[in-house]
Amino acid sequence: MLTVVPTPIGNLEDITLRALRVLREADFVVAEDTRVSGNLLKHFDIKKPLLSFHTANEHKAVEGIVARLQQGQKGALVSDAGTPGISDPGFLLIRACVREGIAVECLPGPTAFVPALVASGLPCDTFTFWGFLPHKKGRQTQLAQIAASEHTVVLYESPHRLLKLLEELKEHCGAERPVCVARELTKLHEEIARGTVAELLAHFSEKAVKGEIVVVVGAAV
Ligand code: SAM
């Protein structure tokens, strides 16, 4: 059995009781970065063998992890923060397990895009999650699709690229499109900035942008 275990995106209080139990009961933990997850486990006084599973080794690592699960071992999959598989490694392993008939469950838990979307005040009945936009190839096409979207769009972006993205949104969607930038969710300096693209461009141009960011873009009306 493989259990996908979401971990906090900033606030350790967001770990669930079930996540802690599953981690305690696991025979091994598959981690994006064994150091990061090692620290998390240490914080909760959990000692487990950690197997590395990240974008550079995931194709190679899948086989060994599947073999352990086939022997009946219980594995827990974690990423550095949030839900594995959501803009993080996980999909390849989960797909391999499903193909091999290994039971896979995913615990509900922290992920950055849900609180950003819900707190944005923009319609969240229907939405599209795009994750990180490509830096080059396909970016303009995706921006055009976002501009024409009939429902709310959720994006991940790094702080040093936020202004560029807001400029691009201005160009494609217009200065008046409603947008929300959710920064440092669940952390001490959490900020939920809501306004038009022009207003948020002005706001975030005032000083260097820091921290982790989700951008929520309102639909074309
Ligand atoms: N697996 C994670 C999840 O479930 O949300 C996402 C991992 S992805 C590599 C990291 C990106 O998620 C960050 O660059 C940022 O866009 C977003 N993110 C993660 N933590 C965040 C936070 N505390 N506040 C705002 N955005 C966050």
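1. Contacts of P84. Beyond its neighbours within four places in sequence, P84 is in contact (heavy atoms within 4.5 Å) with V4, V5, P6, L77, V78, S79 and P89. P84 counts as buried because its relative accessibility is 4%; buried means under 20% relative accessible area, exposed over 50%, partly exposed in between, with a 1.4 Å probe and protein chains only.

2. Basis. This is a predicted model: local features need pLDDT of at least 70, side-chain atom pairs count only at pLDDT 80 or more, and totals for chains, interfaces and linings use all residues. Residues are numbered from 1 along each chain as its sequence is written, and side-chain values use heavy atoms, with hydrogens and water left out.

3. Setting of P84. The residue sits in the loop between β4 (75-78) and α4 (91-99). Helices (H or I, at least four residues) and strands (E, at least two) are DSSP runs, numbered from the N terminus. E32 is 52 residues from P84 in sequence, yet their C-alpha atoms are 8.6 Å apart.

4. Domains. The chain divides into domain 1 (2-106) and domain 2 (113-217), with bounds from an automatic or database domain assignment. Their C-alpha centres lie 29 Å apart.

5. Interface. Six residues of domain 1 are in contact with nine of domain 2. The buried area (accessible area, 1.4 Å probe, that two parts lose on being put together, summed over both) is about 530 Å². Carbon and sulfur atoms give 64% of that area. On the domain 1 side, I9, I86 and S87 lose the most area to domain 2, together 74% of what that side buries.
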